[in-house]
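Dear colleague,

I am handing over the structure below, and my notes on it follow. Please read them with the coordinates open.

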Amino acid sequence: MRKLFICCLFSLTISTISFAQEGFAVKAGINNVTLDLDGFGSESELGFFLGGSYTFETNCAVQIEPSVLVSIVDDLTALYIPVMAKYPISDQFNIQAGPQINYLLEDVDQGAFGLDLGVGAGFDIDANWFVEARYAFEIVRDLDGLNINTLTAGVGYRFN
């Protein structure tokens, strides 16, 4: 079932992209990771993230932006791969939504994959600089009893 879902998501993404390059961007900011262990309560940790993204234009107003981000907090380092659909509300403001794959890089013997759903917003300061904030809540995790949600806010620079 998971392979079928990933294949469908990949096919849908490829079929909507017209491969017109919008640009590569680097981004960094702060994140708040909330760990919820079944029966043991939740714990939030503040950290930072950094990474890059590449924005594709589609045949409609929506842009597709896959990113690769490394999140570093005290007790948990993870790799996030969000694929956001960005819909412009105005010339500078957009809303974002899409899946986010995450992989725990430490504190787990063999790592663990997860699938999140992210929603957020972005604001273009000018043609190059932008800010964005996103909340991603977990849908699926390889580890039983562990639920990880993330809130990110950061700044980015787009190379045109």
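**Buried charges, core and surface**

The side chains of E65 and K86 meet in a salt bridge, with 3.2 Å from N to O, where a salt bridge is a side-chain nitrogen of Lys or Arg within 4 Å of a carboxyl oxygen of Asp or Glu. This pair links distant parts of the chain, since E65 is in strand β3 and K86 in strand β4, 21 residues apart; strands here are DSSP runs (E, at least two residues), numbered from the N terminus.

Before going further, please note that this is a predicted model, in which local features need pLDDT of at least 70 and side-chain atom pairs count only at pLDDT 80 or more, while totals for chains, interfaces and linings use all residues. Residues are numbered from 1 along each chain as its sequence is written, and side-chain values use heavy atoms, with hydrogens and water left out.

E65 is buried, with a relative accessible area of 1%, and K86 is buried as well, at 5%; buried means under 20% relative accessible area, exposed over 50%, and partly exposed in between (1.4 Å probe, protein chains only). Salt bridges that share partners join K27, E65, K86, E132 and R134 into one network. Within it, E65 also forms a salt bridge with K27, the closest N and O atoms being 3.0 Å apart; E65 lies in strand β3 and K27 in strand β1, so this pair ties together parts that are 38 residues apart in sequence. K27 in turn forms a salt bridge with E132, at 2.7 Å between the closest N and O atoms, and because K27 lies in strand β1 and E132 in strand β7, the pair ties together parts 105 residues apart in sequence. Both K27 and E132 are buried.

The largest nonpolar core has 12 residues, among them V33, L35, F49, V73, L104 and I148; such a core is a set of buried Ala, Val, Leu, Ile, Met, Phe, Trp, Tyr and Cys residues joined through side-chain atoms within 4.5 Å. Strands β1 (17-37), β4 (77-88) and β8 each supply at least two residues of this core.

Strand β3 (residues 63-72) and β4 pair in the antiparallel sense over 8 bridges, pairing being assigned if DSSP finds at least two bridges between two strands. A hairpin of 4 residues joins β3 to β4, and the bridge partner of I72 in β4 is T77.

L117, in strand β6 (residues 113-124), counts as partly exposed at 33% relative accessibility. L117 and F137 are 20 residues apart in sequence and 5.5 Å apart in space, C-alpha to C-alpha.

With best regards
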